[in-house]
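Me: I am new to this structure. Can you walk me through a few of its features?

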Amino acid sequence: MLDDERTHPMMRALWQPRLLEAIDWIAGAIVAQGEDGRTVASAEGKGKIEIAGVTLSGRYDRIDKLPDGRLGVIDYKTGKPPSPTAVRAGYSLQLGLLGLIAERGGFEDVRGTAGAFEYWSLGKKRDAFGYIESPVDPEGKRDKIPTAEFTSIAAHNFTEVVGEWLTGSAAFTAKLVPRIRPPMPSMTS
């Protein structure tokens with residue numbers, strides 16, 4: 001795209017340095033994680049499963065194979081990723097639903113238990129370019145969802161929403177008031 005003569009010179013000047021820095025950061029992070037036995041299993045894939053009477057389809061940016069054999073679901077962001085609070089409240093469950101599709105065999109190239117969910121942001125944090133954040137924590141610390149429960153919670157929320165709006169009789173609303181629907185409790189509560 002940057003070499004295309006139709007690309008405006010200002011766009012090229014603004015984006016080329018950032019894209020090159022992003023490529024370097026991503027490559028460096030993959031190499032560093034590879035030293036611990038993590039490998040890229042698949043990139044830019046799509047899949048689908050049947051759940052709650054509808055077809056759930058999704059596209060992932062990347063899925064890694066973790067050293068213990070589980071999968072790491074990665075979503076690249078150009079800016080700030082969703083907060084753990086938004087994820088816990090059920091508003092940003094993309095990674096959990098992608099993990100669910102992988103666990104139920106909905107992707108052609110990858111299948112297995114999801115053990116990591118990460119946003120790889122191409123933004124700056126503490127004067128460093130590029131950072132990785134996760135909306136989950138193995139032990140559910142810092143108001144994050146426990147990693148092992150994330151796909152179950154995402155499935156529960158998805159099934160509830162489908163039953164309410166897609167296959168149910170509730171009317172779609174333009175904007176939900178967040179305090180109407182309390183955060184989902186932990187599945188172990």
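This is a predicted model: local features need pLDDT of at least 70, side-chain atom pairs count only at pLDDT 80 or more; totals for chains, interfaces and linings use all residues.

Reply: Gladly. In the second largest pocket, β4 supplies the largest share of the lining, with 4 residues.

Me: Which residues line the second largest pocket?

Reply: The lining is made by R38, L66, R70, G115, A116, F117, E118, S134, V136, D137, P138 and T147. Two or more of the lining residues come from each of β4 (114-125) and β6 (136-137).

Me: How much space lies in the second largest pocket?

Reply: About 150 Å³.

Me: Now the strands. How do side chains point in a strand?

Reply: In a regular strand, side chains alternate between the two faces of the sheet.

Me: How many bridges join strand β1 to strand β2?

Reply: There are 11 bridges between β1 (residues 39-51) and β2 (residues 54-65). The two strands run antiparallel.

Me: What do β1 and β2 form, and what is in the turn?

Reply: They form a hairpin, with 2 residues between the strands. A52 sits in the turn and has a positive phi of about 55°.

Me: Next, the surface. Which residues make the nonpolar patch?

Reply: M10, M11, L14, W15 and L19 make the patch. It covers about 480 Å².

Me: Where is L19 found, and why is L19 called partly exposed?

Reply: L19 belongs to helix α1, residues 9-34. Buried means under 20% relative accessible area, and exposed means over 50%. L19 has 32%, so L19 counts as partly exposed.

Definitions and conventions:
Residues are numbered from 1 along each chain as its sequence is written. Side-chain values use heavy atoms; hydrogens and water are left out. Patches are made of residues with over 30% relative accessible area and no salt bridge: like charges are joined within 9 Å, nonpolar side chains (Val, Leu, Ile, Met, Phe, Trp, Tyr) within 5 Å. Accessible areas come from the Shrake-Rupley method with a 1.4 Å probe; for residues, only the protein chains shown count as cover. A salt bridge is a side-chain nitrogen of Lys or Arg within 4 Å of a carboxyl oxygen of Asp or Glu. Buried means under 20% relative accessible area, exposed over 50%, partly exposed in between (1.4 Å probe, protein chains only). Two strands pair if DSSP finds at least two bridges between them. On a 1 Å grid over the protein atoms alone, a cavity is a set of points where a 1.4 Å probe fits but cannot get out, and a pocket is an open set with protein on both sides within 12 Å along at least five of seven lines; lining residues have an atom within 4 Å of a point. Grid points are joined across faces, edges and corners, and a volume is the space filled by probe spheres set on the points.
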